[in-house]
Amino acid sequence: MVRKRALLAGCNYPGTKCELHGCANDVTRMKTTLLERFGFDEADILVLLDSDPKLPQPTGANIRQSLAKLVEDVQPDDVLVFHYSGHGTQVPPESGAPDDTGMEEAIVPTDMNILTDGDFRDLVNKIPSGVTFTFISDSCHSGGLIDSEKEQIGGGVIQYATSPSTGPAASSSNPQAPVSNPELQHNNSTGQGNNAEGGLMGLISRGLQAFHIPGDDEAPPETQPQTQTIEFESQYAADVAASQEDAPQSRNKNLDINTLTEILSQRTGQDVKVGNIRTTIFDVFGDQASSSVKTFVNAIFSHLQGGGGGGEDQGAGWMAMVSSVAGQFLKTKLDTDPNATSYMAPALQGVNPFSAHAAYSGLKPPAAQRVRADCGILLSGCQSSETSADATVGGDKSKSYGAFSNAIQTVLSQTNGPITNRDLVLEARKLLATSGFKQHPCLFSADTNADAYFICPV
């Protein structure tokens, strides 16, 4: 018997400077859809909402534990769904060295205890073949949230079946033909495209060009803090006549690094900045912190203890790390905390960074070392370099919605019978474009899952 389970998490962050308004509504509508369209039992749907104190809260620990429970004891043909609506962010490497590369895409639970693309890769790797795991993330920078999942529809590639898809079998035997400019194709396993300047520095450069014009008195790009400067309202001046009463007013779901560090500083009483974000998260959440955070702390600890990293991990880069904000933070903690051994335990148990330098700088091991053929299906609200909108029509915040979540609901309401993951994302893109939104939903999955039915047949 096929079992269907779902975890739905909505973060509105009530009473904070990063408050959103539509995420609880997104989750409520998705629950109704799962019950009425896809035949889920209410007992098999867990809802986490920070807008309702009577419900379990969408903290990092609760989401992580609920996801672990979601994938527990599953069997082939089981159907799993995780829908997240809330802020997303990109956490930069924290050494400041010019050769650092890579950003970690992450969702931001209500307590700021982030879950990264590496966490979702670890989760998907635990799911046996034959299970369907559909991850819908209506958040900023959500493209690529399952690390190294194959990009089917994204920033630089749209894969089409050779004939219009009519179900899972429609393109299973047909070659996929990329339709787009190949020079823009994105390689999700490295974070680099075929641009002249790839990696983190290229991303920062392109971001500055898109959102910021440096003044004469500003430092050159290579010495600027690696932070995001996108304002909440900046990307979504919807191309709809201002005179229209029903024109959606939008703010985006990007929790920029400046805001993340400010909130962490307020909640911890510490001076959090780019350089000690991960060590602060570990200090606050310990074993409930992201696995990538624990790997980062493990790498610094190993070096401070004299273990180094061997080979390329030695030298000026690592000396800079030890004297960096993160290294000093951890060194002070270890020197002054009489319980240092138990404090470090979560970072030392079950964490084996393939390279200390790589863990520190944000690099990842080759995909072959961490990825297998899997059942992960990611429908993201936007590309990894974009933001997703939280929209309010007519000023009525009780009816606010995430633009991507609303697009999914609209497409489903206009579709009789099942629809494939590929067709749903393409239709959502069209709908958002005609509504004036600037985000581009993406699909990441194995080829066979791209043309499988969204969630399950109806």
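## Strand β13 and its sheet

Let's start with a pair of strands: β13 and β15 (residues 389-393) run antiparallel and are joined by 5 bridges. Strands here are DSSP runs of E with at least two residues, helices are runs of H or I with at least four, and both are numbered from the N terminus. Two strands count as paired if DSSP finds at least two bridges between them. This is a predicted model, where local features need pLDDT of at least 70, side-chain atom pairs count only at pLDDT 80 or more, and totals for chains, interfaces and linings use all residues. Residues are numbered from 1 along each chain as its sequence is written, and side-chain values use heavy atoms, with hydrogens and water left out.

Which residue of β15 is the bridge partner of S250? A391 is that partner, and R251 stands opposite D390 in β15. The two strands belong to an open sheet of 3 strands, ordered β13-β15-β16, with antiparallel pairing. At its edges are β13 (248-252) and β16 (401-402), each of which pairs on one side only. Even so, β13 is mostly covered, with 4 of its 5 residues buried. Buried means under 20% relative accessible area, exposed means over 50%, and partly exposed lies in between (1.4 Å probe, protein chains only).

## The chain as a whole

Stepping back, the chain's secondary structure comes to 15 helices and 17 strands. Of its 458 residues, 55% are buried. The chain exposes about 19200 Å², and carbon and sulfur atoms supply 51% of that. Accessible areas come from the Shrake-Rupley method with a 1.4 Å probe, and for residues only the protein chains shown count as cover.

Contacts (heavy atoms within 4.5 Å) tell you how the chain meets itself. Take the ones between residues at least 6 apart in sequence: 74% of them join residues at least 24 apart.

## A second open sheet

Another open sheet of 3 strands has the order β4-β5-β6, again with antiparallel pairing. Its edges are β4 (88-91) and β6 (115-116); each has a single partner strand, so one side of each is left without a neighbour in the sheet. Strands of a sheet pair through backbone hydrogen bonds, either parallel or antiparallel. Here β4 and β5 (residues 104-107) run antiparallel, joined by 4 bridges, and V91 has E104 in β5 as its bridge partner.

In the loop between β5 and β6 you'll find M112. Is M112 buried or exposed? M112 is buried, because its relative accessible area is 0%. M112 also has a positive phi of about 70°, although it is not a glycine.

F120 lies in helix α3 (residues 117-125). With a relative accessible area of 1%, F120 is buried. Who does F120 touch, not counting residues up to four places away in sequence? Its contacts are L67, F82, I107, L115, F135, L145 and I146. I146 sits 26 residues from F120 along the chain, yet their C-alpha atoms are separated by 5.2 Å.

H141 is in the loop between β7 (132-138) and β8 (151-153). H141 counts as buried because its relative accessibility is 2%. From H141 to G88 it's 53 residues in sequence but 6.0 Å in space, C-alpha to C-alpha.

## An exposed loop residue

D73 has its place in the loop between α2 (60-70) and β3 (79-85). Its relative accessibility is 57%, so D73 counts as exposed. Most residues other than glycine have a negative phi, and most peptide bonds are trans. D73 is not a glycine, but has a positive phi of about 60°.

## Where α7 crosses α9

Two packed helices are described by the angle between their axes and the distance between the axes. Helix α7 (residues 291-304) and helix α9 (residues 325-336) have axes that come within 10 Å and cross at roughly 70°. That makes α7 roughly perpendicular to α9. Axes are lines fitted to C-alpha atoms, for helices over the stretch in contact, and angles run from 0 to 180 degrees between N-to-C directions. Angles of 65 to 115 degrees count as roughly perpendicular, under 35 as roughly parallel, over 145 as roughly antiparallel, and the rest as oblique.

The crossing of α7 past α9 is right-handed. A crossing is right-handed if the near helix is turned clockwise from the far one by less than a right angle, and left-handed if anticlockwise. Which residues meet there? On the α7 side they are F296, V297, I300, F301 and L304, and on the α9 side A326, G327, L330, K331 and L334.
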